[in-house]
Amino acid sequence: MAGSKLKIVPLGGLSEIGKNMMVIEYEDDIIVIDAGLMFPEEEMLGIDLVIPDISYLLERRENIRGILITHGHEDHIGALPYLLPQLDVPVYCTKLTRGLISVKLKERKALAGAKLKVVSPGGGVTLGKFKVEFFPVCHSIPDAVGFIIYTPVGVVVHSGDFKLDYTPVSGKPTDLSRLAQLGTQGVLLLLSDSTYAELQGYTPSERVVGETLDHIMADAPGRVIVTTFSSLISRIQQVIDAAAKHQRRVSVVGRGMREIVRMALSLGYLNAPEGILVRLDELRGVPHNKIVLVTTGSQGEPTSALVRIANRDHQQVRIVPGDTVIISATPIPGNEALVNRTVDDLFKQGARVLYDKVARVHVHGHASQEELKLLLSVVKPKFFVPVHGEYRHLCLHSKVAQSIGISEDNIFVLEDGSILELGPDSGKVTGKVASDNVYVDGLSVGDLGSVVLRDRKMLSRDGIVMVIIAVNRQTGRLVSRPDIISRGFVDIRESKEMIEESRDLVARTLDHRRDRPADWSFINTKVRDVLYRYYYEQTKRRPMILPFMVKV
Ligand SMILES: [Zn+2]
Ligand SMILES: [Zn+2]
């Protein structure tokens, strides 16, 4: 069928950081790149996670040839435990990524039946009319890849998350020569990581962190407690290396992280000298200046080991003077307040705390502007779509592309749900598909809509007012003055008058209707309207108002 277009449909990760998911479609073949989650923003009260809306994929389930995963970070694999049971398609990824996905799936009891296929960096797979080649990229986790996708319309390159570190801790540097080769043959479209498009220059090498850790381990008078993401395997390696150099033993605190460390060791992505990794209870009697603890909690997650330690709530670890805590991660936007609180608590317990603002204990894993330029100039794509980032990151990345000579007409700043249709010489945004947030709250996925969130927001901000209205079963008349109970709204002692006045107000409102039997929906709406207005006038607050009718 001549003239069919290639469709590019991002379902997540554009105009937001997290829940990356990209659909590439040609006729009746679909491949999906990444299936990530996003941690909730502060106003998403009580929500555990956010995942992409896959209604578009569910409607075309029989066309999906596979899900390709770039690397094992949560924002690329975290939605798999929720989506795989619905889609039941094979997942293609590198070995370490498969290990991390298995750990995730096992946690959610979704491992059975999952088809996880390993492709090594440099290898490839044919999926319908697509031929996909995995090329190594450097990122803050080993075994990260980007994809070269041969389609009937042209070659598409997806960078995944990447940077151009020439001295990575583990894993390979980004394979620029392969991309350059491709560039000379002609690339239709480049999709490239925009997370750090705001930063000028180059991203520092991971080596910098290694040196800092080395100095800290040498000088720290007591224990060194390092916290990072459990998937930052290269960082864990650096901690082990620095500890070994200074004859410190390392204990991994927290079940989730221990699980990942065990997996990475067994697959050979982590290397530890014999006897250096020990259980917490094996550290009894070891001098504090020979101890390193590694934990999660770099985002201030309330249930993490570090936050428990900071709150003196951890079973085995208490901060003592002399302890040094290293927060080797940057807070994900939205988590800053939680992280700052944890840092404060640790200081209060007497620890020395080192974090990215005061020491070089973290470098991020994404390309800065000069690296982005380099990739664009090497690949020389006809069309360009910046991916992975808030709207401003995408815009700045687009400017970077223009600066190296890609015409603005050939750059598409898309948002989640946009449909971009590409021919060999032209591209056009032709529509939009559903791409809302899907909320995961405890055990329920997706059945929690924005109404529930709005209610939670209202309750948390302005509290709740319950109005108890007793009416005569026969006549429908008020039996007594309505009762009002409130929580989290106003101080009852100070606002006694206002509450009394509002009881009268409800009574007067309902008394007008003495001729009519008790019509519940009328009473419900009327009482809410009247009280909303009254309370707002009095307090400029909007509590949730819940009328109850009791028939006596
Ligand atoms: Zn990543
Ligand atoms: Zn990412």
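How many bridges join S5 to strand S6, and which way do the two run? I looked this up first. I found 2 bridges between S5 and S6 (residues 91-93), and the strands run parallel. Ile67 has Val91 as its bridge partner in S6.

**Ground rules**

I am working on a predicted model, where local features need pLDDT of at least 70 and side-chain atom pairs count only at pLDDT 80 or more, while totals for chains, interfaces and linings use all residues. Residues are numbered from 1 along each chain as its sequence is written, chains are lettered from A and ligands numbered from 1 in the order in which they are written, and side-chain values use heavy atoms, with hydrogens and water left out.

**The sheet**

I note the terms here. Helices (H or I, at least four residues) and strands (E, at least two) are DSSP runs, numbered from the N terminus. Two strands pair if DSSP finds at least two bridges between them.

I traced an open sheet of 8 strands in the order S7-S6-S5-S3-S2-S1-S19-S20, with mixed pairing. Strand S7 (116-118) and strand S20 (427-432) stand at the edges with a single partner strand each, so one side of each has no neighbour in the sheet. On average, neighbouring strands are turned by 25 degrees against each other, direction ignored.

Next I checked what packs on the sheet. Helix H3 (residues 80-87) touches strand S2 (21-26), S5 and S6, and its direction makes about 165 degrees with that of S5. Helix H4 (residues 95-107) touches S6 and S7, and makes about 165 degrees with the direction of S7. Contact means heavy atoms within 4.5 Å. Axes are lines fitted to C-alpha atoms, for helices over the stretch in contact, and angles run from 0 to 180 degrees between N-to-C directions.

Then I turned to strand S1 (residues 6-12). In S1, 6 of the 7 residues are buried, so the strand is largely enclosed by the rest of the structure. Buried means under 20% relative accessible area, exposed over 50%, partly exposed in between (1.4 Å probe, protein chains only). S1 pairs with S2 in the antiparallel sense over 6 bridges. Val9 stands opposite Val23 in S2. S1 is also joined to strand S19 (residues 418-422) by 3 bridges, running antiparallel.

**The zinc site**

Which residues coordinate the zinc ion (ligand 1)? I found His71 (NE2), His73 (ND1), His139 (NE2) and Asp161 (OD), at 2.1 to 2.4 Å. Donors are N, O and S atoms within 2.8 Å of the metal (3.2 Å for Na, K and Ca); water is not among the atoms, so sites may look incomplete. The zinc ion (ligand 2) is 3.4 Å from the zinc ion (ligand 1), and Asp161 coordinates both. I also checked burial: His73 and Asp161 are buried.

**Salt bridges**

I searched the whole structure and got 28 salt bridges. A salt bridge is a side-chain nitrogen of Lys or Arg within 4 Å of a carboxyl oxygen of Asp or Glu.

I looked at Asp323 and Arg223, which meet at 2.7 Å, N to O. This pair links distant parts of the chain, 100 residues apart. Both residues are buried.

Glu59 bridges to Arg60 at 3.2 Å between the closest N and O atoms. Glu59 is exposed, at 57% relative accessible area, and Arg60 is partly exposed at 23%.

My last entry is a network of salt bridges linking Glu27, Asp28, Asp29, Arg65 and Lys129.
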